[in-house]
Amino acid sequence: MLPRPGRLLHGSVTLLFCLLCCWPSPRGAPTCPMLCTCYFPPTVSCQANNFSSVPRVLPPNAQRLFLQNNLIGALRAGTFGPSTVTLWLYSNNISSIQPGTFRHLPALEELAGDNRHLRSLDPDTFRGLERLQSLHLYRCQLSSLPSTLFRSLFSLQYLYLQENNLLYLQDDLFVDLANLSHLFLHGNKIRVLSEHVFRGLGGLDRLLLHVNRLHSVHRWAFRDLAKLTILYLFNNSLATLPGETLAELPSLEFLRLNNNPWACDCRARSLWAWFQRARVSSSDVACATPPERQGRDLRHLSQADFRDCAPANHAPARPAGGTKPKWGGEPEAGRPHSNSSSNHLYGLGEAGAPPADPSSFYRDLPASDIRSPKYDSPTEVDYWAGYGSEEGRLKEGCTGPGCSPLDSGACRPGILPAALPPLLLLLLGPPGL
């Protein structure tokens, strides 16, 4: 009795799938590391395998490496290939990064390296990453940053430094980051913002500095931030803030100043006057002193509350000074932009569309939320959810009832053969053959 054609076809497809995944690799061809999963586009996922080191053999053409949630303790030069575009190393035990580890990664666009054991970085750690757009260094134990750490990172748009132990930020630390749009510094121990701390950040859109120990902000600290729309300064130790400081932010839309010990005496007059003119969404600014004004909102004081104050002196002239990067090159005009390769990689709009964060799962911070936001580590689901190119849909796979396991796009160790034996083609032929 001959088998039914449909049953024969189903068995042929199953056999083909098994042969594809188990076919021996040609000599010299890249293979998937043991215990890892590989898919197309060239992606290697080795997350949560308790690896104590990066696998010695990685496919040289791999573009995305997911190595998070392991026990990796150190990174060495020569570990990663030049095709790497995305590299996730968060939630490991990394305590040292050898200088030169990332030096020969010209295509790298996103680096997630937050690790609770990482206490220091070499000044040249990120040297040469001129296409890097997103850098994650949050929840480490960094107490200081080398003054040249971000040198020549001209494409950087998103910098995550929150929840470290940073005590200070030196002048011109970010001077080369003309394209930076998001700077997250909350949850540190920063006490003072100096005059030139944000020099060069002409494209910055949001600056988060809440939950620090700020007690002093230089009058001209924000003078280069003409495009800033969101500023969070809540949960600090600020008693005063010159109104002239905020007047340097013509694009400001959302401001959070709550939970600071505001002194609502004559020192607050310029800040009060700024609020009378400004059109921003603001939190309350509760007075801590003097006792008779404790609990009142500084914004709602009246001119009469300052009638005993001496006439205001003219504010010192705004210092002249451009934003030319200290390390050479001119800041680019307009809003930050992505290069075309990134637009394709992350499924962004056509040329000319507004830039989007490759790590969009971090990006959309509700402006009305005055609590300290928490940013959980990304997952591969987060990554692929934002991956919208035609190649990315191969990973999403077929979801219909007639789909086979091949549609998942995943393959365990081994690679697909370049050509199938003629016998396999016969198996897939019409039932009548």
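**Entry 1: disulfides**

I began with the S-S bond of Cys32 and Cys38: the torsion about this bond is about 90 degrees, so the disulfide is right-handed. The S to S distance of Cys32 and Cys38 is 2.0 Å, and I took a disulfide as a pair of cysteine sulfur atoms within 2.5 Å. Cys32 is buried at 6% relative accessibility, and Cys38 is buried at 14%. For these words I used relative accessible area: buried is under 20%, exposed is over 50%, and partly exposed is in between (1.4 Å probe, protein chains only).

I note that this is a predicted model, where local features need pLDDT of at least 70 and side-chain atom pairs count only at pLDDT 80 or more, while totals for chains, interfaces and linings use all residues. Residues are numbered from 1 along each chain as its sequence is written, and side-chain values use heavy atoms, with hydrogens and water left out.

I searched the whole structure and found 4 disulfides. One of them joins Cys264 and Cys287, with the sulfur atoms 1.9 Å apart. Its torsion is about -90 degrees, so the disulfide is left-handed. Cys264 sits in the loop between β16 and α3, and Cys287 in strand β18 (residues 287–289), 23 residues apart. I used DSSP runs numbered from the N terminus: helices are H or I with at least four residues, strands are E with at least two. Both Cys264 and Cys287 are buried.

I then looked up Cys266 and Cys309, whose sulfur atoms are 2.0 Å apart. Their link is left-handed, with -95 degrees about the S-S bond. Cys266 lies in the loop between β16 and α3 and Cys309 in the loop between β18 and α4 (340–345), so the pair ties together parts 43 residues apart in sequence. Cys266 is partly exposed at 42%, whereas Cys309 is buried at 11%.

**Entry 2: aromatic rings**

I counted 10 aromatic pairs. The rings of Phe, Tyr and Trp (its six-membered ring) pair if their centres lie within 6.5 Å; planes under 30 degrees apart are stacked, over 60 edge-to-face, and the rest tilted. Trp88 and Tyr90 form a tilted pair, 6.0 Å centre to centre with 50 degrees between the planes. Trp88 is buried at 0%, and Tyr90 is buried at 2%.

Phe174 and Phe198 are stacked, at 6.4 Å and 15 degrees. Phe174 is in the loop between β9 (158–160) and β10 (182–184) and Phe198 in the loop between β11 (192–193) and β12 (206–208), so this pair ties together parts 24 residues apart in sequence. Phe150, Phe174, Phe198 and Phe222 form one aromatic cluster.

**Entry 3: cores**

I took a nonpolar core as a set of buried Ala, Val, Leu, Ile, Met, Phe, Trp, Tyr and Cys residues joined through side-chain atoms within 4.5 Å. The largest has 83 residues, and those with the most contacts inside it include Phe80, Phe150 and Phe174. Helix α3 (residues 269–277) gives the most to this core, with 4 residues. Another core of 8 residues lies apart from it, with Tyr138 and Ile230 among them.

**Entry 4: confidence**

I checked pLDDT, the predictor's confidence in each residue from 0 to 100. The chain mean is 77, and 65% of its residues reach 70 or more. Over residues 322–376 pLDDT stays under 50, and the model has 131 contacts there beyond four places in sequence, a contact being heavy atoms within 4.5 Å.
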